[in-house]
Amino acid sequence: MSSVPRILLSPPDVSYREREALLAAFDSNWISTVGPAIDRFEHQMSEYLGRPCVALSSGTAAIHLALRLAGVQRGDVVLCQSFTFVASANPILYEGATPFFIDSEPRTWNMDADLLEEAIRKLIRNGKQPRAAILVHLYGMPAESARIASVCERYGVTLIEDAAESLGARVDGKPTGCAGTAAAFSFNGNKIITTAGGGILAFENERDAVLVRKWSTQSREMAIHYEHCELGFNYRMSNLLAAVGSAQLEGLADKVERRRQIAQYYRKAFQDVPELVMQAEWQNVYSTHWLSCVLIREPKRGRHAAAGSRRDALIRYLDQQNIESRPLWKPMHIQPLFRDAPYLGGTVCEALFRDGLCLPSSSALTLEEQNRVIDCIREFFNSEVCAGRVSDAVLGRVS
């Protein structure tokens with residue numbers, strides 16, 4: 001293992017502003033799930049999105065409450081993008097519903113609108129009206145949300161956006177998270193802005209926000225005692241974390257621009273490396289490039305060669321140089337957890353998983369660190385590794 005400092009994939013980018021905001025909230029003694037920092041953070045997010053917002057404990061909690069808001073119950077079918085992190089799909093199981101996974105289209109790597117419509121029509125023909133659909137803006141790349149929203153509206157399906165990775169992204173000048181009935185955002189430590197752990201759910205109207213705010217605080221009724229008439233959850237964000245988020249949000253534009261610069265720098269650095277294909281933006285979108293993603297072209301190989309072996313060898317090689325990288329998300333329809341769930345599509349998302357790689361992308365990444373990543377990748381493709389003369393340890397599959 002290299003003795004040089006480790007370069008992480010997407011560590012937090014924080015400064016003195018977050019520290020001061022956190023200490024101010026602490027000193028105010030508003031440290032629980034109520035306080036002025038929560039109100040301020042919700043207001044800031046509402047101003048940015050143009051929608052009411054409720055601050056929650058995680059992006060997963062936000063998706064869960066969005067499904068409840070859509071009326072999802074046991075036995076319902078919820079359509080979901082297959083190529084995503086498991087947090088997009090787990091809340092479907094929380095409610096006892098059945099996920100129906102949809103393949104991606106190759107341009108944005110997100111849900112294929114044509115396949116979504118085909119799945120809805122198939123379900124309706126079989127007497128099963130799907131209740132909701134979860135669209136993900138993966139790696140900060142906006143999906144074809146207008147087309148997908150149109151399909152959902154046509155067939156009476158509630159559209160929920162998982163915008164956990166796309167805060168700061170835009171489609172036709174509008175922020176992601178404004179196409180569906182509700183949109184979930186995440187502020188985990190590796191996201192563009194962080195509250196250490198937390199999320200936001202944004203809504204079309206204030207009525208839904210009021211209801212979800214109640215649900216997130218154990219559904220307590222307005223009474224002098226603790227009165228509960230419906231199921232509630234302990235899903236509210238704390239005032240301390242909201243203070244961090246409020247300070248982070250003030251620097252959102254700069255953080256997004258830095259990640260975009262990082263992606264562009266990778267793209268220029270690898271333009272003469274035929275083995276690498278960087279993810280590209282499509283027309284009328286502004287991606288955050290939350291993570292800079294690249295596809296690794298496989299050489300012509302014998303019939304017994306392992307798919308994705310070059311990608312896996314590169315991951316191991318970078319790790320030996322103390323650089324963190326990661327495969328793209330493993331699609332939900334090939335996860336053991338969802339082995340019995342229906343799926344519609346081809347092999348687009350499977351191919352992305354097989355050949356795709358995420359590179360260090362934090363807005364705190366220095367130019368020196370990025371050049372080190374680039375140099376190591378170029379060394380890999382110029383070395384004996386690429387010629388196939390590499391040890392079994394390097395070629396070992398990445399679990």
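Buried here means under 20% relative accessible area, with exposed set at over 50% and partly exposed in between (1.4 Å probe, protein chains only). Helices (H or I, at least four residues) and strands (E, at least two) are simply DSSP runs, numbered from the N terminus. The model is predicted, so local features need pLDDT of at least 70 and side-chain atom pairs count only at pLDDT 80 or more, while totals for chains, interfaces and linings use all residues. Residues are numbered from 1 along each chain as its sequence is written, and side-chain values use heavy atoms, with hydrogens and water left out.

As for neighbours, two strands count as paired if DSSP finds at least two bridges between them. Strand 5 pairs with strand 4 (residues 132–136) in the parallel sense, over five bridges, and Thr158 is the bridge partner of Ala132. Strand 8 (residues 182–186) also runs parallel to strand 5, joined by three bridges; here Glu161 has Ala183 as its bridge partner. Together with helix 6 (residues 145–154), strands 4 and 5 make a right-handed β-α-β unit (right-handed: with the strands pointing away from the viewer, the path from the first strand over the helix to the second runs clockwise).

Now for the charged side chains. A salt bridge is taken as a side-chain nitrogen of Lys or Arg within 4 Å of a carboxyl oxygen of Asp or Glu, and the count comes to 17 salt bridges. One of them links Arg236 and Glu42, at 2.7 Å from N to O. Arg236 sits in the loop between helix 7 (206–215) and helix 8 (239–249) and Glu42 in helix 2 (residues 36–49), so this pair ties together parts that are 194 residues apart in sequence. Both Arg236 and Glu42 are buried.

Arg260 and Glu281 form another salt bridge, their closest N and O atoms being 2.4 Å apart. Arg260 belongs to helix 9 (residues 252–269) and Glu281 to the loop between strand 10 (276–278) and strand 11 (285–286), so the parts tied together are 21 residues apart in sequence. Glu281 is partly exposed because its relative accessibility is 32%.

Glu324 and Arg326 also meet in a salt bridge, at 3.8 Å from N to O. Glu324 counts as partly exposed at 21% relative accessibility, and Arg326 is partly exposed at 29%. Elsewhere, salt bridges that share partners join Arg107, Asp114, Glu144 and Arg147 into one network.
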